[in-house]
Amino acid sequence: MLMTVLGAAQAVSGLFLVTNSLSVAISVWGNDGVSQHCCRTQGEAHAGLVSFAGVLLLAMAAWGIFTALQFPTRKPNVRVSARAYGWAALGLALPLLLVLRFFGLLLLVVAVVALVWPNEEEVRAWFKGERTTP
């Protein structure tokens, strides 16, 4: 459930970045530096980078949701994929923390939980098909 929520948040963020790449780039890099109509401003020049970040977030979201949907199969590789996804989500949440403080902090906390949770003993036992409760 946690990975689907994180994946959905990443999908919304990625979709926002892809559809509003120019306005996000202008708000981050600014619109000054060029006084002529022939040249691009810093914000316009970095709009492609913002679009790439949005596509990257959409790919991460697809990975997280796909991994979360594979949990009922109890395959050990799903647990490994969940841990790798947690590390990758942590790496993407840190830059987002600098731009959007609250949303970045929320994604950072969820990414840390998604990173730690698949390594707990109960989860490892569940993937092996063992019961941990008496």
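Which residues does Leu90 touch, not counting residues up to four places away in sequence? Leu90 touches Leu108, Ala111, Val112 and Leu115, where a contact means heavy atoms within 4.5 Å.

## Basis of the model

This is a predicted model, in which local features need pLDDT of at least 70 and side-chain atom pairs count only at pLDDT 80 or more, while totals for chains, interfaces and linings use all residues. Residues are numbered from 1 along each chain as its sequence is written, and side-chain values use heavy atoms, with hydrogens and water left out.

## Overall fold

The chain has seven helices and zero strands, and its pattern along the sequence reads α-α-α-α-α-α-α. Helices (H or I, at least four residues) and strands (E, at least two) are taken as DSSP runs and numbered from the N terminus.

Of the 134 residues in the chain, 34% are buried; here buried means under 20% relative accessible area, exposed means over 50%, and partly exposed lies in between, with a 1.4 Å probe and protein chains only. The chain exposes about 8,500 Å², of which carbon and sulfur atoms supply 67%, and these areas come from the Shrake-Rupley method with a 1.4 Å probe, for which, in the case of residues, only the protein chains shown count as cover. Among contacts between residues at least 6 apart in sequence, 62% join residues at least 24 apart.

Helix α6 covers residues 101-116, and at 1.5 Å a residue its 16 residues should span 22 Å, which agrees with the 22 Å between its end C-alpha atoms; the expected span is 1.5 Å times one less than the number of residues. The buried residues of α6 are Gly104, Leu107, Leu108, Val110, Ala111, Ala114 and Leu115.

Leu90, the residue of the opening question, has its place in helix α5 and is buried, with a relative accessible area of 16%. The C-alpha atoms of Leu90 and Val110 are separated by 8.7 Å, although the two residues are 20 residues apart along the chain. Gly86 also lies in helix α5 and is buried, with a relative accessible area of 0%. Leaving aside residues up to four places away in sequence, Gly86 touches Ala111, Ala114 and Leu115, while the C-alpha atoms of Gly86 and Gly64, 22 residues apart along the chain, are separated by 8.7 Å.

Rings of Phe, Tyr and Trp (its six-membered ring) pair if their centres lie within 6.5 Å, and planes under 30 degrees apart count as stacked, over 60 as edge-to-face and the rest as tilted. By this rule the count comes to two aromatic pairs. In one of them, the rings of Trp63 and Tyr85 have their centres 5.6 Å apart and their planes at 80°, so the pair is edge-to-face. Trp63 lies in helix α4 (residues 47-69) and Tyr85 in helix α5 (residues 76-99), so the pair ties together parts that are 22 residues apart in sequence. Trp63 is partly exposed, with a relative accessible area of 31%, whereas Tyr85 is buried, at 0%.

Thr67, too, lies in helix α4, and at 3% relative accessibility Thr67 counts as buried. Its contacts, not counting residues up to four places away in sequence, are with Met3, Val78, Ser81 and Ala82. In the loop between α4 and α5 lies Arg74, whose phi is near 60°, a positive value in a residue other than glycine, and which counts as partly exposed at 33% relative accessibility. Lys75 is found in the loop between α4 and α5 as well and is partly exposed, with a relative accessible area of 49%. The C-alpha atoms of Lys75 and Lys128, 53 residues apart along the chain, are separated by 8.2 Å.

Rolling a probe the size of a water molecule over the atoms shows where empty space is left. On a 1 Å grid over the protein atoms alone, a cavity is a set of points where a 1.4 Å probe fits but cannot get out, and lining residues have an atom within 4 Å of a point. Grid points are joined across faces, edges and corners, and a volume is the space filled by probe spheres set on the points.

The structure holds one cavity of 30 Å³ or more, and about 40 Å³ of space lies in the largest cavity. Its lining is made up of Leu6, Gln10, Leu57, Ala89, Leu92, Ala93, Leu96 and Leu107. Helices α1 (2-19) and α5 each supply at least two residues of this lining, and the largest share, four residues, comes from α5.

Notes. On a 1 Å grid over the protein atoms alone, a cavity is a set of points where a 1.4 Å probe fits but cannot get out, and a pocket is an open set with protein on both sides within 12 Å along at least five of seven lines; lining residues have an atom within 4 Å of a point.
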